[in-house]
Each structure stands twice: as C-alpha cells, then as structure tokens.
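Here is a quick briefing for anyone meeting this structure for the first time. Have a look at it, then read on.

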Amino acid sequence: MEITVMELHEITAQIDTKLAEGIIDGKAIANEIRANMKIEIDEKGLKPYLVTLLVGDDPASQVYVNFKEKACNAIGIKNNVYRLSKDTTEEELFAKIDELNNNEEVDGILLQLPLPDHLKEQDATMRIDPKKDVDGLHFVNQGKLWVGMPTFKSCTPWGSIELLKRAKVTLKGANAVVIGRSNLVGRPIVRMLEAENATVTLCHSRTVDLPSITRRADIIIAAAGRINLITEDMVSEGCVIIDVGINRNEAGKLVGDVDFENVKPKTSLITPVPGGVGPMTITMLLANTLLSYKRKIGLEN
Ligand code: NAP
C-alpha cells in the first residue's frame, strides 16, 4: 500500500463529507489511521511483529484472521498465523503461548476467539504476556486501564472512542449511555468515556425502562448484539450514536443494534454497520502492535 499525500487528503475529505451528511465513516477513518501508521513505519524503519494463534476451524475466525493478515501486510507489520488443530490440548496451547512470550522478536500475540469448547478462553488469554497482549484483554491491561495507567486499550472500545474523537464530538460533560456490559466491549468503553469526562450510564439486559434512559443521552453506544434494540422513539434529537453491534438479519445482511433508517434522521451523527466500528477494531490491533514494538525499542512508555 503506497500512500501519497494526495491520497491522504482524499481520505480526509471523504471523512469530512460523510460527517457533513451525519455519518461517522469508520472505514475512511480507519484508512486514515492505517495510512499514517504505514508512513511512520516506513519513515522510521520500524519492524513490529504480530503472531496470531488460530485454534480449530471456525469459519468466521478464519475470515477474521485473513482480514488481519491483509491489514498487517498493507502497512508493513510482519505477521504470522499459527494454525493449531481443534484437538490441541491446553498443555500444547500454553506451550505455544509460552514460546511466543519468550520470543524477543514477537511484539504482539493475538489469540483468536472463540476457542474450541474444551479450552478455557480466560485461562489462555491470561497466559499471554501482558506486554504482548495487543488485544488488551489480559486483566493486567484491563486493570491498568481502570486505574489510569498506560496500557494496551482493548481494540473495539478504543476504536469506538476514537470515532467519537475524530468526529469532534464533545465528550466532556456529555451524558453518555452504554448498552452492554461485557469485558470485551461495554465495560472498557464506560471507563474510556469517563476518562474523557463524560457522565456515563451503563445499561444491560436487566435495566428497567431502557428507553427512558436512552432518551436523556447525548451519546449512545449500543453493544448488545440485538437487532433493532434502539428505535426512533428511544432517541432524542441531535443524539450521537456509535453502533457496535454486529447481527445478521433475516435476509442474511449485516446490521447493528440500531434501526438505522428510522433512527438516523433524529441523530446528529451515527455510525453505519458495516463500515463503522468494525474497521476500527482491526486498526487498533495494528496500533497496539506498533505501540508494543515502540515500547520494546524505547520509543514509547
Ligand atoms: P456479549 O458478551 O453477548 O454482551 C452483550 C451485552 O448486551 C450484555 O451485557 C447483555 O446484558 C446486554 N444486552 C443483551 N440484550 C440486551 C437488551 N435487550 N437490553 C439491554 N442490554 C442487553 O456481547 P459482546 O461481546 O459485548 O458484543 C456485543 C455486540 O458487539 C455483538 O453484536 C458483537 O458481535 C459486537 N461486536 C462488534 C465488534 C466490532 O468490531 N464491531 C467487536 C466485538 C463485538 P447482560 O450482561 O445482562 O446479559
């Protein structure tokens, strides 16, 4: 991927055009961030290295891993995928992780989830050296985020906040509502929004009267994985929405948690699905891998 100054200008112009139409274009914003990383890697001769561990033959995981490989190659991040059979034992998986933890050249280890049922995802994730946990899922990194120390921020939450920042949404003092409380998405988003001085309400499946809460929101981040969870009547005029959800509708089409067509006219800004948070997740993985390498060579803390 050769990026010229002209192309970067074009990407930036596209982001602005979409923002004027009320769309936060995650694909274009991701391209802009990736292009800038590529320029930095080339100019400074950086050599970050990401290893992905793929256990078993889950078809969706294969597709995600291919996306990640392509994204790394496009910006000059060396990468390798270790494909382990679905019968891999915990002992074998841990031995592989240990080997990568001890390999000085490796900057990032990505354990593609889900794992086959006989392997415990949490135990395997915690086996990764926190210094190489570029997914930001190790409790050491989640804990550092919580207490405000430099860390690897988990990729989807970081990507979601980055979209808000690049769209110049005012976070300080904003009334933000996050729907979904997983460790992967909702909880870290709450902490990141609070760090930006938003006032945050966290909702989940037992929340009583969700519409009365979302109607008071300046910003809604929907991460429940429920089609049409957010409808027009639940949103106030001028609200900003980040739709993290990925669902397939009856026609097999990818959709988010928001009834996009009917909700969009009431919003000031909204992310589409696909083309919103999704491209940002991989981009932040690349950013964390680059950060890990820079920490290794003493360019970053
Ligand atoms: P998850 O672990 O299943 O968590 C879903 C959360 O949503 C839970 O906290 C659940 O509440 C809450 N919830 C479910 N139904 C609800 C309802 N009707 N009202 C309010 N809250 C409700 O899912 P996840 O891993 O966080 O992922 C969430 C969504 O984001 C999924 O669609 C996933 O595919 C998508 N995702 C997208 C990306 C991306 O790159 N774009 C990355 C990761 C995930 P309880 O805790 O009470 O059960």
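## Around the ligand

A nitrogen atom of the ligand sits 3.5 Å from a polar backbone atom of His204, a polar contact being a pair of N or O atoms within 3.5 Å (within protein, one must be able to donate a hydrogen and the other to accept it, and residues adjacent in sequence count only if both atoms are side-chain atoms). Of the 930 Å² of accessible area that the ligand has on its own, the protein covers 71%; such areas come from the Shrake-Rupley method with a 1.4 Å probe, and for residues only the protein chains shown count as cover.

Before going further, a word on the source. This is a predicted model, where local features need pLDDT of at least 70 and side-chain atom pairs count only at pLDDT 80 or more, while totals for chains, interfaces and linings use all residues. Residues are numbered from 1 along each chain as its sequence is written, and side-chain values use heavy atoms, with hydrogens and water left out.

**More on the ligand shell**

- There are 20 residues around the ligand, and Arg181, Ser182, Ser205, Ile246 and Thr281 come nearest; a residue is near a molecule or strand if one of its heavy atoms lies within 4 Å of it.
- Arg181 has an N or O atom in its side chain 2.7 Å from an oxygen atom of the ligand.
- For Ser182, a polar side-chain atom lies 2.5 Å from an oxygen atom of the ligand.
- What kinds of residues make up the shell around the ligand? They divide into nine nonpolar, nine polar and two charged. Here Ala, Val, Leu, Ile, Met, Phe, Trp, Tyr, Cys and Pro count as nonpolar, Asp, Glu, Lys and Arg as charged, and the others, Gly among them, as polar.
- Helix H11 (residues 277–296) gives the most to this shell, with three residues. Helices (H or I, at least four residues) and strands (E, at least two) are DSSP runs, numbered from the N terminus.

**Domains**

- The chain is divided into domain 1 (46–133) and domain 2 (155–278), with bounds from an automatic or database domain assignment.
- Taken over C-alpha atoms, the centres of domain 1 and domain 2 are 29 Å apart.

**The three-stranded sheet**

- Three strands make an open sheet with parallel pairing, in the order E2-E1-E3; two strands pair if DSSP finds at least two bridges between them.
- Strand E2 (78–84) and strand E3 (108–111) are at the edges with a single partner strand each, so one side of each has no neighbour in the sheet.
- From one strand to the next, the twist averages 20° (axes are lines fitted to C-alpha atoms, for helices over the stretch in contact, and angles run from 0 to 180 degrees between N-to-C directions).
- Strand E1 (residues 49–55) runs parallel to E2, joined by seven bridges, and Thr52 has Val81 as its bridge partner in E2.

**The five-stranded sheet**

- This open sheet has the order E5-E4-E6-E7-E10, again with parallel pairing.
- Strand E5 (199–203) and E10 stand at its edges, each with a single partner strand, so one side of each lacks a neighbour in the sheet.
- Five bridges pair E4 and E5 in the parallel sense, and Val177 has Thr201 as its bridge partner in E5.

- Most residues other than glycine have a negative phi, and most peptide bonds are trans.
- Leu113 and Pro114 are joined by a cis peptide bond, with omega about 5°; Pro114 is in the loop between E3 and helix H5 (121–127).
- Another cis peptide bond joins Val273 and Pro274, with omega about 0°, and Pro274 is in the loop between strand E10 (267–270) and H11.
- Lys168 has a positive phi, near 55°, and is found in the loop between helix H7 (155–166) and strand E4 (175–179).
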